[in-house]
Amino acid sequence: MRSSRLLITGVAGLALSLGGCATYHAFPLAGNANLKSSLDQLDLTVPASGSAAGSIKINPEKPLSPEEVGLVAVLNSPSLASQPGQLSAARAGLLSATLLPNPSLGVDYEFYLGGPATNNSLAASLSEDIRSIVTYSPRVKAAKARVGQVKADLLWKEWQVAQKAQLLAVDINADRSELETRRKELDLLDHEVSQVRAATSQGNLALSAEAPLLAAQASAQIDISTTEMTLLRDWQRLDALIGLDPSARFAIAKSGPIKLPSDVNSLIKTLPNRRPDLVAFRLGYQAANQNVREAILGQFPAFSIGPAGGWDTSRVYSAGPVISMDLPIFNHNQGKIAAARATRSQLHADYQARLDRAVGTSNDLLVRISKIKDDLKRARAASKEADSQAKSALEAYTQGNLGQRDLTDYQTTAMARDLDVLNYQKALEETTLALSIELGTGFPKTMIVSSNKVNHS
């Protein structure tokens, strides 16, 4: 009878333990590409974060600013699709760290077969690992720091994707402006070539007068083809970054006035507390510190304790504690302690190197921005002067005081100066945007890609 009750109790306990187990569900891979053909097929809702009043919907019917292009890229970039899974994996690691090992249950039941005894015997014990309790606090703190580290790393990746998308948007606008100017230049040269050919056919000009114009015309055609290819390549890169088909196009608005923060020096000093990659390093170092503590506490030998009891074949009952422990003769956890300290030392050096590089790059970009501004100022002055000369040349031409070839030279020179201005403006926008990333400004302070998007199948 007792055997039946014992068997029923064991079955019931097993059923209860299995009741909370997870079940398996298939999660097949996709068989087709997931590229979209237009903006309106993408996720365009920027979720609320921090003190924001609510989510923001980007209107695909209007030209997108470079900042909006960056947000669209973060929301839809295939390179960020794994972010929710990475965050869930970190949280799963935290969950594992907070769970203590299950108690160990031992049961020894022997059937009476013969001899002077009178009945079956039973012995049972229940024990728990004490070392896992001793190391619980640093283990959980390290896991929490690693979750924060993953969040900061993922936010840094979002910033980098947003920066890359903004740079491509700026480049596309610059490519278009350059292409427009170069086509105007080619139109001027085409007109000049036709005028010279007409004059040579009438015997008013020598055939050699056409040669330099044809060379300039060929060079202008090559420049246009190069710019068109650059524009195509920039569009394809942006489409790939956002998750669009390579042929997809949408309107991009011009950038607004470029302004640097007024407190650049203070922003550089506070980089360790604001820039996501540096914050991730700091959190990783916190986790490494806790791992060292855990390894040192792990010198405590494997130790299990719990109650034990039962009866023998003569119906003699007994109970008491059961203790099981390792004898720390050969292994004092020296290997794990050494590994944890080495990892912490490496992270310490890596963090210092990253911080030095961040500060150095920020200062370097400041110097470059100052130089580009000076160059842009000179280029604008030269462009203004060239435009004035081109206008004067046009007036002289209409009055018959200047030839067509000379007029074309003045006009193409003015366009070349315009191209210089465009190139310096592009360089200034790119460098300023790069500085905003280095300083940790201009982007959301929390992750945009929601962890709720993860599929837990």
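Asparagine 333 counts as buried, at 12% relative accessibility. The residue belongs to a predicted model, as does everything below. Its place is in the loop between β6 and α10 (334-398). Phi of asparagine 333 is near 65°, a positive value in a residue other than glycine.

Arginine 315 also has a positive phi, about 65°, although it is not a glycine. This residue sits in the loop between β5 and β6. Arginine 315 is partly exposed, with a relative accessible area of 25%. Asparagine 333, at 12%, falls inside it.

## The sheet

Four strands build an open sheet, in the order β3-β4-β5-β6. The pairing is antiparallel. Strands β3 and β6 (317-325) are at the edges. Each has a single partner strand, so one side of each has no neighbour in the sheet. From one strand to the next, the twist averages 15°.

Strand β3 (residues 104-110) is joined to strand β4 (residues 121-129) by 7 bridges. These two strands run antiparallel. Tyrosine 109 has leucine 122 of β4 as its bridge partner. Leucine 105 stands opposite leucine 126 in β4. On to the next pair: β4 and strand β5 (residues 303-311) share 6 bridges, again in the antiparallel sense. There, alanine 124 has glycine 309 of β5 as its bridge partner.

## Alanine 123

Alanine 123 lies in strand β4. Setting aside residues up to four places away in sequence, alanine 123 touches Gly106, Val107, Asp108, Gly309 and Gly310.

Aspartate 153 is 30 residues from alanine 123 along the chain, and their C-alpha atoms are separated by 53 Å.

## Helices packed on α5

Two packed helices are described by the angle between their axes and the distance between the axes. Take α2 and α5 to begin with. They pack at an angle of about 135°, with their axes 8 Å apart. That makes α2 oblique to α5. The crossing of α2 and α5 is right-handed. On the α2 side, the contact is made by Pro66, Glu67, Val69, Gly70, Ala73 and Val74. On the α5 side, Glu158, Val161, Ala162, Ala165, Gln166, Ala169 and Val170 take part.

Helix α3 (residues 83-98) also packs on α5, at an angle of about 175° and with the axes 8 Å apart. That makes α3 roughly antiparallel to α5. The α3 side of the contact consists of Gln83, Gln86, Leu87, Ala90, Arg91, Gly93, Leu94, Ala97 and Thr98. The α5 residues include Tyr136, Arg139, Val140, Ala143, Lys144 and Val147. Glu158 of α5 is listed in the contact with α2 and in the contact with α3.

## Serine 177 in α5

Serine 177 is found in helix α5. At 15% relative accessibility, this serine counts as buried. Which residues does serine 177 touch, not counting residues up to four places away in sequence? They are Lys254 and Leu422.

## Nonpolar cores

In soluble globular proteins, nonpolar side chains tend to be buried together. Here the largest nonpolar core has 43 residues. Val69, Val72, Leu238, Ile242 and Phe250 touch the most other members. Helices α2 (66-76), α5 (136-201), α6 (210-242) and α11 (404-439) each supply at least two residues of this core. Which helix gives the largest share? It is α5, with 14 residues.

Isoleucine 242 gives a view of the surroundings. Not counting residues up to four places away in sequence, isoleucine 242 touches Leu42, Val69, Val72, Ala73, Asn76, Ser77, Pro78 and Phe250. Val69, Val72 and Phe250 are among the core members with the most contacts to other members. Val69 and Ala73 also take part in the contact of α2 with α5.

Note on methods:
Residues are numbered from 1 along each chain as its sequence is written. This is a predicted model: local features need pLDDT of at least 70, side-chain atom pairs count only at pLDDT 80 or more; totals for chains, interfaces and linings use all residues. Side-chain values use heavy atoms; hydrogens and water are left out. A nonpolar core is a set of buried Ala, Val, Leu, Ile, Met, Phe, Trp, Tyr and Cys residues joined through side-chain atoms within 4.5 Å. Buried means under 20% relative accessible area, exposed over 50%, partly exposed in between (1.4 Å probe, protein chains only). Contact means heavy atoms within 4.5 Å. Two strands pair if DSSP finds at least two bridges between them. Axes are lines fitted to C-alpha atoms, for helices over the stretch in contact, and angles run from 0 to 180 degrees between N-to-C directions. Angles under 35 degrees count as roughly parallel, over 145 as roughly antiparallel, 65 to 115 as roughly perpendicular and the rest as oblique. A crossing is left-handed if the near helix is turned anticlockwise from the far one by less than a right angle, and right-handed if clockwise.
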